Amino acid sequence: MNFERLTDYLDSLSGLNVPGCDLAVYQNHEPIYRHQAGFRDPENTQPMRGDETYFLYSCSKVFTTCAAMQLIEQGKMSLDDPVSLYLPAYAHLTVKDGDAVRPAKTVMTVRHLMSMQSGLNYDTDAPAVKKVMEENNQQATTRQIAEAKAQDPLEFDPGTDFLYSFSHDVLGAVIEAVSGQRFSEYLRDHIWEPLGIKAMAFHLNDDLQSRLCAQYHYNPEKYQLELIRQEDIKAMKKNPQFESGGGGLIGDAESYITFVDALASGGRGKNGAYILSPQMMQLWSANQLGPKSRKSFDGWKRLGYSYALGVRTRVNNRIGGDGPVGEFGWDGAAGAWAMIDPINRVSAFFGMHVMNYGYNYDVIHPNIRNLIYEGLKR
């Protein structure tokens, strides 16, 4: 193995609007590559050191859908169960139909939530959501917010198209209903503590705050980064009762790579902790999109991929670069990226902290993946 070209690439990212980054790659529970580049502070005086914490945003979805797959494996719920079985507010859904609203023609299922084919949108300022927040002094719970979202008309009948949405936040509420636990408690008891993960939470604590990597917003009009202030970051997390399965986790690279290493290595952590069977991971990463949904997903430009049960899944390795069919994972709004390759038992986590930067997904993440596989062959 030789990862010199990967190191050179990571070192070059500071000139491409990535002030600081960290990449960890494991194979068969062993670290085979780790490199940090750039700086962790706005003044560019403190080099990245590998213990930085990040808002993971949509990389949270991998934890959420893993938790759902665990409950399915345990027989506590089914992919094709109606969502209304666990959240009664979803029993009578409506759908936008031009300027009108009509009853939904299909029943929303757990599968639809996981595969982003629910018909939900990502409007978190819908009137019903704002109302439940006001009624609860801006402290509405995960389940209250998810049930309020059921009053918002769907964009299409469940199962008929793909739309990235609030679906996994609703899934978090389903997990609560099925398990009888608060969402974070379920993750703690069934994923974090078994694997020895300590630096993962839905809200900033003193430890996570002290190691938080400087976060930026890319301004495409000015072609420059703008620092997101600490007070603005705290404001984003002002409701401690809401645990966002779609994008709420905060954690560090060590915690995330421990999780994806377990998944890539047969579903067990290095310490032997059982997380999920290989058969369930095959189901989790199986393509869920028909032609219409796939056309909508292809607008995301994830070349060679389709969408499975909450994760991208490699379905064609003749386009998009290196890597086997069956590799899966997801990414986040500030540039975090996770890769799970159960075929080669390789996992990776890339941490960075720049919002609104599409270059991450179109160029940086594919390049990192390609250079990982190139390095493995050397």
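**Figure 1. Lining of the second largest pocket.** The residues lining the second largest pocket comprise 5 nonpolar, 2 polar and 6 charged. The model shown here and in the following views is predicted. The space in this pocket amounts to about 210 Å³. Of its 13 lining residues, Arg302, Tyr305, Tyr361, Pro366 and Arg369 are the closest to the centre. Helix α13 provides the largest share of the lining, with 5 residues.

**Figure 2. Arg314 and the ring of Tyr305.** The charged end of Arg314 is placed over the ring of Tyr305, at 5.3 Å from the ring centre. Tyr305 also belongs to the lining of the second largest pocket, where it is one of the residues closest to the centre.

Figure 3. A search of the whole structure returns 1 cavity of 30 Å³ or more. The volume of the largest cavity is about 30 Å³. Its lining consists of Asn2, Phe3, Glu4, Arg5, Leu6, Leu371, Glu374, Gly375 and Arg378. At least two lining residues come from each of α1 (4-12) and α13. Sorted by class, the lining holds 3 nonpolar, 2 polar and 4 charged residues.

**Figure 4. The open sheet β8-β7-β15.** In this sheet, 3 strands follow the order β8-β7-β15, and their pairing is mixed. Strands β8 (224-227) and β15 stand at the edges with a single partner strand each, so one side of each has no neighbour in the sheet. The pairing of β7 with β15 is parallel and runs over 2 bridges. His217 has Met355, in β15, as its bridge partner. In general, the strands of a sheet pair through backbone hydrogen bonds, in either a parallel or an antiparallel sense.

**Figure 5. The aromatic pair Tyr218 and Tyr357.** The whole structure contains 19 aromatic pairs. In one of them, Tyr218 and Tyr357 adopt a tilted arrangement, with 4.8 Å from centre to centre and 55 degrees between the planes. Because Tyr218 lies in strand β7 (residues 216-219) and Tyr357 in the loop between β15 (354-355) and α13 (359-377), the pair ties together parts that are 139 residues apart in sequence.

Figure 6. Tyr307 and Trp330 pair edge-to-face, with 5.5 Å from centre to centre and 80 degrees between the planes. Tyr307 is located in strand β10 (residues 305-307) and Trp330 in strand β12 (residues 328-331), so the contact ties together parts that are 23 residues apart in sequence. Tyr307 is buried, at 0% relative accessibility, and Trp330 is likewise buried, at 0%. Both residues belong to one aromatic cluster, which also includes Tyr122, Phe162, Tyr164, Phe297 and Trp300.

Figure 7. Gly251 is part of strand β9 (residues 250-252). With a relative accessible area of 0%, Gly251 is buried. In sequence, Gly251 and Tyr54 are 197 residues apart, whereas in space their C-alpha atoms are 5.6 Å apart.

Terms used: Residues are numbered from 1 along each chain as its sequence is written. This is a predicted model: local features need pLDDT of at least 70, side-chain atom pairs count only at pLDDT 80 or more; totals for chains, interfaces and linings use all residues. Side-chain values use heavy atoms; hydrogens and water are left out. Rings of Phe, Tyr and Trp (its six-membered ring) pair if their centres lie within 6.5 Å; planes under 30 degrees apart count as stacked, over 60 as edge-to-face and the rest as tilted. Helices (H or I, at least four residues) and strands (E, at least two) are DSSP runs, numbered from the N terminus. Buried means under 20% relative accessible area, exposed over 50%, partly exposed in between (1.4 Å probe, protein chains only). A charge sits over a ring if NZ of Lys or CZ of Arg is within 6 Å of the ring centre and within 35 degrees of the ring normal. Two strands pair if DSSP finds at least two bridges between them. On a 1 Å grid over the protein atoms alone, a cavity is a set of points where a 1.4 Å probe fits but cannot get out, and a pocket is an open set with protein on both sides within 12 Å along at least five of seven lines; lining residues have an atom within 4 Å of a point. Grid points are joined across faces, edges and corners, and a volume is the space filled by probe spheres set on the points. Ala, Val, Leu, Ile, Met, Phe, Trp, Tyr, Cys and Pro count as nonpolar, Asp, Glu, Lys and Arg as charged, and the others, Gly among them, as polar.
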